[in-house]
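Have a look at the fold below before reading on.

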Amino acid sequence: MTRPSAIAGFDLTVNEEGLRRAVERAKERGVVLPTFEQMKDPSKVPQEIKERLKCVRLWDTDPANLFRITWKNEPIERGGLYGGVNFVELPPLLTGVKAKIVALVGKWFPTGCHKVGAAYACLVSRLVTGQFDPTRQKAVWPSTGNYCRGGAYTAQLLGCDSVAILPEGMSRERFEWLKSVAGEVITTPGGESNVKEIFDKAGELRCNRDDVVVFNQFEEFGNYLWHYEVTGHAMEEVLSQLMDSKSRFCGLALTSGSAGTLGCGDYLKRLYPASSLAVGEALQCPTLLLNGFGAHRIEGIGDKHVPWIHNVKNTDMVIAVDDADCMAAIRLFNAPAGKAYLRKRGLSPQVIENLPLMGISGAANLIAAVKMAKYYELTERDIILTVFTDSVELYGSRLKEMEEEQGPYSETDAAVDYNRHILSLSVDWVKELTYYDRKAIHNLKYYTWVEQQGKDPEELNAQWYDADEYWGSIHRMTPIIDEKIAAFNEMAAL
C-alpha cells in the first residue's frame, strides 16, 4: 500500500508574491506572530509584547492579543499577562464520583473560547507560506459557532476580511459578536448537527469565487496540531501539579466536535500509554455510537459525520450524552436558586463561583467524565481530564429561553436537576471500543470525505493501517512551522 505523505495536511509550498503581500500587511499593522513554542510557554514571549498587553483588554482587536492564544493567560479582563494553566477541579460532592475530574478553562482566551487557538493554527501555516494573501483574499470559516468567531477575530487582527458560515439555529450571542468582526455572515439551515449544510455552502463559495480561502476545521490539521502541542502540553503541566506517587491518570473525556481537541489525547497517550480517550457526542445524534443522526442542543459539537482529523484508532470509548442533562446542568449551575441549593448541599463558594466557567459543551464534557468514572469504577486515586471549551457567558440567551419556556427556577427544581441529571448519571450509552468498533467508526469517514469532499481513499487507509507514521508525521511539523513563523516575523520587522 502506498501511503500519501501526511505533510499534505500542511502544504508548505511557498507563494512568493502572496508571502510578500502578507509580510507587508503584517508590517503595516504591527503584527508579530506567536510560535507554537510561545503559546506553550509564554515566558518566551518578547518583553515588548508583554508591555503592550498591560494596556489591552482580553477581547480587544489588537494584534498583541495573538500572544494571548495560550492556556496560561492571567484570568482578568484587561492588562493580564501570564501565570499557570487555567483549570478547575470539580469535587466529588458536585460530581457524585470519587475520581478527580479536572477541566482546563477556555474562558480566558480572546473571544472567550479556546477555538481561537485552533483557528490561528489553521491560518498561520497558510499565511507564512503566502498561500493566503490577506490583502486580496477573504478567509472562510465554516463552523457551528466558536471556530468561526475565533477565525474572524484572528483574521481581523491582520486586517483581512472574513466570511463566517454557521447554522441559523445557534445562540444569539454568536451572531451578535460575529457582526463586529466578520465582513460577511452566512447562515445555513438547521442547528448544531447540520454540518453538511455548512460544508456545502463552503464548497459553493470555493467554486464560485476566486477571492476566498476555506479553512475547514473538520479537515485542517492545524486544528489537531494546536491541541496536540498546546493543549496537550498544558494538560501535562496540570497533571504534574496534581499527581503524587499514589495518583493514576485514567484518561480524557472530550466531546468530538471537530475532533481538534482530541489531539491532546494523542499527546498524553505518549506519556501515559495506559490512559484512555473517551469521546462524547449527543445522545440525540449518536453518530459514533450507532451511526445515528438527529438534532440536539449541545452547541459546539456538530456531528452526523466523523471529522477527517479524528485519529479514531486512538479512541477507546464512545459516550452518548443526553442534551437534557447538559441543559439542566447549565441552569442548575447558574440560576440563583440553583447556586443557593448547591450551597446548602455543602459546596464551597469557590466551586460555585467557578461553575459559570462551563458552557453547554463544557457541561457535556463533565457529564462524559462522570460516566467514564462510573464505568471504570474509579477511586480517589484516579484523575480524569476534560475541557470547558467556553463559558456560560456565550449562552445567556439560552438561559433566558429556558426560563421563558419552563418558568422561574426554584429550589425544588434545583434539587430535582442535581439528583436526576448529575447524581443519577449511569453507564447507559457507553461503549468501550474493540478494534473492529474503531474501524467501523473510521470507515464512516469515507462517505463524507471521499465521496462528498474528494479526499484520496489511499490517505484514508493510511490514517488507519499506517497510523503511527501518518499522525507522527503531523506531529513533526511543529518545529518546521515555527521556523517559518520566525522567518516571517523577521521579514516583517525589516
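This is a predicted model: local features need pLDDT of at least 70, side-chain atom pairs count only at pLDDT 80 or more; totals for chains, interfaces and linings use all residues.

Residues are numbered from 1 along each chain as its sequence is written, and side-chain values use heavy atoms, with hydrogens and water left out.

Start with the largest nonpolar core, which has 102 residues. (Such a core is a set of buried Ala, Val, Leu, Ile, Met, Phe, Trp, Tyr and Cys residues joined through side-chain atoms within 4.5 Å; buried is under 20% relative accessible area with a 1.4 Å probe, protein chains only.) Helix 9 (residues 221-242) gives the largest share, 11 residues. Leu-33 and Leu-385 have the most contacts inside this core. Beyond its neighbours within four places in sequence, Leu-385 is in contact (heavy atoms within 4.5 Å) with residues including Val-102, Met-235 and Phe-249.

Helix 9 is also among the elements covering the buried residues of helix 20. Those buried residues are Glu-459, Leu-460, Ala-462, Gln-463 and Trp-464.

Now for Glu-281, in strand 8 (residues 276-282). Glu-281 is buried but has no salt bridge (a side-chain nitrogen of Lys or Arg within 4 Å of a carboxyl oxygen of Asp or Glu). Its side chain does meet two backbone nitrogens:

| Backbone nitrogen | Distance to a polar atom of the Glu-281 side chain |
|---|---|
| Thr-287 | 3.0 Å |
| Leu-289 | 2.8 Å |

Conventions:
Buried means under 20% relative accessible area, exposed over 50%, partly exposed in between (1.4 Å probe, protein chains only). Helices (H or I, at least four residues) and strands (E, at least two) are DSSP runs, numbered from the N terminus. Lys and Arg count as positive and Asp and Glu as negative; His and the chain ends are not counted. A polar contact is a pair of N or O atoms within 3.5 Å; within protein, one must be able to donate a hydrogen and the other to accept it, and residues adjacent in sequence count only if both atoms are side-chain atoms.
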